[in-house]
Amino acid sequence: MILEAAILIILLVLGWRLFLVPSPKNLPPGPRPYPLIGNLTQLVGKPIHLAVTDLAKEYGKIFTLYLPGGQRCILVNSISLAREALLSKKDDFAGRPRTFIGDYLTREAKDIFFADLSPTMILQRKLTHSALRMYGSGLKHLEGKINGEVEQLFKRFSAHQGKAVDPTDDISLMVLNVICALVYGQSYDLEDEEFQLIMKYNNHFVRLFKGFNILEMMPWLRYLPIEEGRILREAKELRDLVLNAKYREHKRKFDGDLDKDGIKINDLTDALLKAYYDAQEEDGKISQLLSEDHLLMIVNDVFNAGIQSTTATLLWLLAYMVNYPDIQARVHAEIDEVIGRDRKPRLDDRGNLPYLESTVAEVLRIATTTPLSIPHKSTRESTLGGYNIPKDTMMMTNLWAIHHDPEEWEKPDVFQPERFLDAKGKFSASGPWGFRSYLPFSAGRRVCLGESLAKTELFLVFARLLHQFTFECAPGKPLPDLEGHPGVVLVPKSYEISIKNRIDSNSI
């Protein structure tokens with residue numbers, strides 16, 4: 001009876017909000033919502049990014065949806081509107097809506113990812129950029145970390161020689177170890193107990209944010225014996241077990257050394273602590289804005305940023321190479337001509353392998369691993385596309401629609417790396433026609449912190465994989481499906497392929 005009464009009250013409140021409270025004037029158009037479920041009926045039956053793209057054909061490049069719980073959300077479906085929101089009016093739309101799960105996992109949004117626009121969040125981003133510059137010293141140090149993990153991936157792939165294999169675990173291990181080496185200064189074996197904990201809580205995070213979660217609307221359900229509540233608690237407990245131990249280990253070094261300038265920076269956590277102490281010396285009020293929880297949550301953000309999307313992009317690259325052997329052959333030919341057999345691809349080769357870079361860019365476009373951007377929120381009353389946007393309105397950018405807009409792209413559903421080559425055959429993210437309908441890492445205040453890392457990792461890993469291997473359809477197995485599993489990150493469906501060495505493994 002108590003549960004039924006609670007649901008009835010929620011229905012009445014939401015019905016009042018949606019139907020009795022007048023909507024602001026001149027909102028973007030959209031379908032009429034229902035009490036409690038909002039416009040959920042318009043979003044079921046197909047992947048949400050495709051459902052939203054279809055709605056844009058009916059209601060326009062900018063329209064309004066109501067999510068379960070009555071939250072108003074503005075959907076942006078064109079590059080011009082995205083530029084207006086993310087760049088021209090970046091402070092107007094750089095907020096972040098608070099969510100129960102986000103708050104629960106980030107100690108009340110003390111991270112960067114889930115934090116609302118504030119002086120603290122801006123300072124956190126500044127410290128993170130400072131730490132990335134300090135640790136990276138350019139990108140050469142990072143290149144060494146990536147190449148070390150790629151060498152281990154080569155050994156695992158070579159062991160599969162000619163057999164049908166699902167590359168997901170091997171790719172996931174490599175990407176996670178690159179992040180571990182970057183953030184914590186260490187790598188793992190697949191069987192390592194701590195690595196298994198990290199994998200487990202990361203998989204929990206993926207499930208918690210995969211779509212609408214009932215805990216967002218009724219957080220009190222976590223106290224009942226339901227699966228989502230168990231996963232939420234376990235994800236936080238396992239994450240904190242690893243994160244707290246790693247942070248304490250790094251902080252002991254700094255607390256025990258008065259000459260902080262002489263401390264060797266071994267990883268990004270070291271660099272972040274050094275940046276924090278340097279900032280404190282410049283401005284004693286820094287500690288009033290940033291607590292230890294804020295630093296911990298930055299480490300958590302850097303660790304989690306890009307793991308799923310980088311893994312998914314590499315799996316999409318292999319899937320497309322198997323589906324398009326002629327394109328794979330052209331990448332092989334370019335690598336052979338530029339690199340040859342006497343050495344391995346290096347970061348310095350970026351710019352000399354235009355077709356390979358175009359292939360990576362085209363996969364980022366056509367697969368769009370983050371089809372709907374993480375929600376933003378308006379920080380003040382503003383306008384967008386000529387419509388009024390009230391303060392505290394959620395906004396999402398439909399990156400899928402932007403990357404598949406027939407007004408911006410010729411044959412957008414065709415896999416065609418050549419579209420990123422200019423008239424001289426050089427790689428250009430804007431393409432030969434100067435279009436800019438391409439936002440794989442978003443833009444503005446909330447641009448992906450890991451963009452530089454992701455681009456470096458994708459280039460090096462893909463170049464080295466195609467230098468060493470040929471990827472083919474495994475005998476008796478279907479071609480990799482190019483539809484994907486919908487979610488916050490669009491991942492390929494499981495597939496099995498055949499991996500064959502192109503050169504003697506002794507020369508790897």
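**View 1. Asp-92 and Arg-380 form a salt bridge, with 2.2 Å between the closest N and O atoms.** This is a predicted model, in which local features need pLDDT of at least 70 and side-chain atom pairs count only at pLDDT 80 or more, while totals for chains, interfaces and linings use all residues. Residues are numbered from 1 along each chain as its sequence is written, and side-chain values use heavy atoms, leaving out hydrogens and water. Asp-92 sits in the loop between α3 and α4 (100-105) and Arg-380 in the loop between β4 and β5, so the pair ties together parts 288 residues apart in sequence. A salt bridge here is a side-chain nitrogen of Lys or Arg within 4 Å of a carboxyl oxygen of Asp or Glu. Helices (H or I, at least four residues) and strands (E, at least two) are DSSP runs, numbered from the N terminus. Asp-92 counts as buried at 13% relative accessibility, whereas Arg-380, at 41%, counts as partly exposed. Buried means under 20% relative accessible area, exposed over 50%, and partly exposed in between (1.4 Å probe, protein chains only).

**View 2. Helix α3 (residues 79-88) has buried residues, among them Ile-79, Leu-81 and Glu-84.** Ala-82, Ala-85 and Leu-86 are also buried in α3. What covers these residues includes strands β1 (62-66), β2 (72-76) and β7 (394-397), as well as helix α17 (399-403). Contact means heavy atoms within 4.5 Å.

**View 3. Three strands make an open sheet in the order β3-β9-β8, with antiparallel pairing.** β3 (164-165) and β8 (469-473) stand at the edges with a single partner strand each, so one side of each has no neighbour in the sheet. Strand β9 (residues 497-501) is joined to β3 by 2 bridges; strands pair if DSSP finds at least two bridges between them. Look for Ala-164 opposite Ser-498 in β9. Helix α14 (residues 307-323) packs on the sheet, touching β8 and β9, and its direction makes about 70 degrees with that of β8. Axes are lines fitted to C-alpha atoms, for helices over the stretch in contact, and angles run from 0 to 180 degrees between N-to-C directions.

**View 4. Arg-230 and Glu-234 meet through their side chains in a salt bridge (3.4 Å, N to O).** The two residues are 4 apart in helix α10 (residues 227-255), so about one helical turn separates them. Arg-230 is partly exposed, at 32% relative accessibility.
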